[in-house]
Amino acid sequence: MHTVVMTKGVPDFREGQVSFDEDGHLERGKTPTVMNPNDKHALRAAFQTKVRNGGHVSLMSMGPPGYKEVLQEGMRDVYADDLYLLSDREMGAADTWATAMTVATGLQNLDEQPDLVFAGFKTADGETGHTGPQTCWCLDWPIITHVLSLDIDEDAGTVRAKRLVDGDISEIETVEAPMPCFIVADPEFEPTYRKASHRLNHKDLREETQERAEEYEDHLTVWDHEDLNLDPDYIGLDGSPTIVSGVDPIPKAPSEREATMIEADEREALEPVLDELTPYAAGD
Amino acid sequence: MTDAVEEYEAVVVGCGPGGAAAAATLARNGVETLVLERGVDAGSKNVSGGLIYAEESAPYTIDGLFPGFREEATERPVTENIIHNIAGDKVKSFDIGGLHHHDTAWADAVLRRKMDSWLAQQVHERTRETGGGLLTEVHVTGLLRERGEIVGVTTEELDPIKADMVVAADGVNSELARDAGLMDWEEPEEWFQGVKAVVDMEPELINARFDVAPDDGTAHLFSGDLFDGVRGGGFLYTNESSLSIGTVFHLDSIAEERAEPHELLDSLLTHPLMAQWLGDEYDEREYSAKLVPDSKKAAHPSPHKDRLVLVGDAAGQMQAQGPIIKGMNHAVTAGALAAEAFADARARDDPSQAGDLYEKKLNDEGVMDKLRPTGYRVFGQLGELGPVDDLSNAIADSAVGRFGVRAAAGLLERAYSSPRLVSMIPDTKLPYVTLPTVIAEELGEPVTDENTVSPPDLADRIGDLTYDVGDPHIELVDKSFEASGTAVTACPVSAEDFGGGCYRDEMVQTNGSEEHLVSLDTQPCVECGTCAIVADTEWEHPAGGKGVEFNQG
Ligand SMILES: Cc1cc2nc3c(=O)[nH]c(=O)nc-3n(C[C@H](O)[C@H](O)[C@H](O)COP(=O)(O)OP(=O)(O)OC[C@H]3O[C@@H](n4cnc5c(N)ncnc54)[C@H](O)[C@@H]3O)c2cc1C
Ligand SMILES: Cc1cc2nc3c(=O)[nH]c(=O)nc-3n(C[C@H](O)[C@H](O)[C@H](O)COP(=O)(O)OP(=O)(O)OC[C@H]3O[C@@H](n4cnc5c(N)ncnc54)[C@H](O)[C@@H]3O)c2cc1C
Ligand code: SF4
């Protein structure tokens, strides 16, 4: 089994790590870049296939050279075997479409064709959730999204998954697809190990990859657009059909807005409130 | 997607000293061995006093099975053992080096988290080579049976597992021994309850206050009138940079006297005798508690059934040799003997003989004699008969008795040091309370030091422990005070008029009448096992990795 997990580096939005300036803009320089949290779920799902069915797990990302450490994190904390970074200036400022094109080409450039490719649900910053499905579209593979659990039948060459219908926890269906197949792991994905042998494998593999993470660069391959034979016109900024017309700051959360306190038993004090609300009642 | 039941040659449940010894010996014999431990780490659930003995007469010792054990996993070697007889502030100390050194190759103080997790690492490496290995955070819930016969184990976290041999090394509240019908949790007389504080102390201070070399340590034991008449005693052992101070009492006595275990511990901690060792700064690292079986009554003479063998506390193999407590060493011996028995049986192509062979080895190697000494069966139990006990107490306390104590001071010290005599001691007030008190009154000198220690209260002690709370693992079946009220006091993390513990009692008005009821909150439970015996409960251990986590042990 060869599985590949797609990942992106995102600002570490956790309390104490993230830093915003006075206007509420993210200070990228002061905020560390980490592996997108949802991608860890995807990587855990991929690791489960390795523990149960053997094989190996690769981690692939398109991004700046700084993403190397994100990939190392994936090896140290979520036990990826080898790492691929697609990186050069031409790939910069890509939207989801151009990112998908690039990553799909990266996947096709691997020596061994993957049986499964995993993407996270969505990123903590871009949050579109498009990149996975678009990459799959480029590959022309079947896709199963919102996946909660997986079982692989290697002999039959199929994967069976439990997934959320419409992303809603109240409805779960089981589907089966031939491999190779694209999987978008839901954040609710929980790997399960009900066999002692699986847990023992898990322990061995975890220790093994954690040791390797110290020398992660020995297991890292970096490809630029030339290695992938990609036309700069179709990737990066030039290949991105998305036009950002403007960026509006998100309003402060209600609890942080300024509030005027009014004692409810003073009739007069309530007058301005009524004045404020009347136009809405009238439908204006 | 295979649904076949997993099979190992041997499954060992629990990785305390008994399980570790069994697993290491199985692995040495090339037996494919899976070890299942419920703690986040081996040792995270375990408490002992902790003096681990290596007996010269024992066929197996822990350092024999695990070279490097003393260097890597223990605290200080203990070469001196003093018992203090206490009456008020009067103390008479006897050197019981004779008993301590009798049949002893060495004895080291240990802290269980450190000791067991080191052992577990070794066990994993060795069993992994056999195709098995050690898994933590797996709670074994019971026995897997086929046509009524034991063939493996069931767990909360894994699918059922089959094995040619199941070693229950799951400690004092063994769910497997209970499931097999080999042990019950009924009689408080069969158990002790141990409670312990680990107190932080700089190594240099320990060396100075106990007058020991940096790589040497000491043991002090305590008995007399400082425990409100509850039958049992106290201990103090020196670790590398801490002291283990605790108490061990007969559970029936704790129940009868409605004693509060934490207060009994505090009576020891605040006694003037302790001032010289504790000084002014008292920093308690951890409070802990656990039941201890009394082998004299609980050791199972035939601890096996079908493919199941019981070792260590699970089989009641915990010897109270007078004031000296020997559980870990016997667990090691039994674990290794059970493994040896399986290897022998397998060599004869009949693994089903393992249980019988194990029983035979326990007898042939003299283990059963130590656990259930003949002397106790003849004299000790006689002494426990009510009238005899009353009479002996009265004599010891009489003018004649007191004269005898004065006249025989040297003899008494020797008697305390005699392994044969202490093995006959009856479980009565006489040896635990009356005699030490009379000895101290007649022969002792008052201690004048002022003890300024004020131990943390129960709420703080509970607050300092680490818990990962799972679902409640104990169900209170009979809520009446009559059936379960003893737990309010006997539970080491509960107390009368304390709302923050596990057990509480309250008067409830129902239809005009008033009922005295007990309620239970398992959140602060330290899984000591007491209420499995003194209250009417459905008692199980929490799920793997859940519940209390001891860092010292
Ligand atoms: C309107 C808009 C404007 C943008 N402008 C810029 C810009 O000017 N400059 C710029 O650098 N970026 C820009 N981006 C960010 C960039 O387009 C996206 O971050 C990127 O395409 C991934 O989209 P996403 O963050 O929504 O990821 P999602 O689609 O939410 O991610 C889903 C999954 O796809 C995978 N994935 C996502 N990104 C990658 C990746 N890079 N490599 C490998 N796998 C990946 C991960 O598994 C992830 O969990 C913009 C994004 C948007 C929405
Ligand atoms: C306060 C106190 C003082 C003591 N002092 C001494 C002393 O000084 N010297 C001495 O030799 N002995 C002493 N003992 C006794 C000694 O601790 C025990 O006899 C000894 O630990 C028994 O070893 P064992 O391997 O049988 O069980 P344990 O050490 O109790 O190990 C049992 C293991 O099984 C695991 N387990 C339990 N149930 C399950 C399950 N269902 N599934 C999976 N795993 C499970 C537990 O987590 C644990 O790791 C003392 C005990 C106490 C409480
Ligand atoms: S609730 Fe029961 S098992 Fe838990 S600490 Fe109290 S007595 Fe011990």
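Between chain A and chain B of this predicted model, an area of about 1,400 Å² is buried, and carbon and sulfur atoms give 49% of that area. The contact draws on 14 residues from chain A and 20 residues from chain B.

The polar side of this contact can be described pair by pair. Three salt bridges are counted between chain A and chain B. One salt bridge joins K195(A) to D159(B), with 3.1 Å between the closest N and O atoms. Counting residue pairs in polar contact, with both residues at pLDDT 80 or more, gives 10 between chain A and chain B. On the side of chain A that touches chain B, the elements that give two or more residues are β7 (143-153) and α5 (196-212) of chain A. The largest share of that side comes from α5(A), which gives seven residues. By residue class, the side of chain A that touches chain B comprises eight charged, four nonpolar and two polar residues.

The description now turns to ligand 2. Around ligand 2 there are 37 residues, of which E37(B), G49(B), L51(B), R112(B) and D313(B) come nearest. Backbone atoms of chain B also approach oxygen atoms of the ligand. For G327(B), a backbone N or O atom lies 2.9 Å from an oxygen atom of ligand 2. For V47(B), a polar backbone atom is 3.4 Å from an oxygen atom of ligand 2, and for A169(B) a backbone N or O atom lies 3.5 Å from an oxygen atom of ligand 2. Ligand 2 exposes 990 Å² when taken alone, and the protein buries 98% of that area.

Methods:
Residues numbered from 1 in each chain as written. Chains lettered and ligands numbered in written order. Predicted model: local features only at pLDDT ≥ 70, side-chain atom pairs only at ≥ 80, totals over all residues. Heavy atoms only, no water. Contact = heavy atoms within 4.5 Å. Buried area = accessible area lost by both parts, 1.4 Å probe. Salt bridge = Lys/Arg side-chain N within 4 Å of Asp/Glu carboxyl O. Polar contact = N/O pair within 3.5 Å; in protein donor to acceptor, adjacent residues only side chain to side chain. Helix = DSSP H or I, 4+ residues; strand = E, 2+ residues; numbered from the N terminus. Nonpolar A, V, L, I, M, F, W, Y, C, P; charged D, E, K, R; others polar. Near = heavy atom within 4 Å. Areas by Shrake-Rupley, 256 points an atom, 1.4 Å probe, with all protein chains shown as cover.
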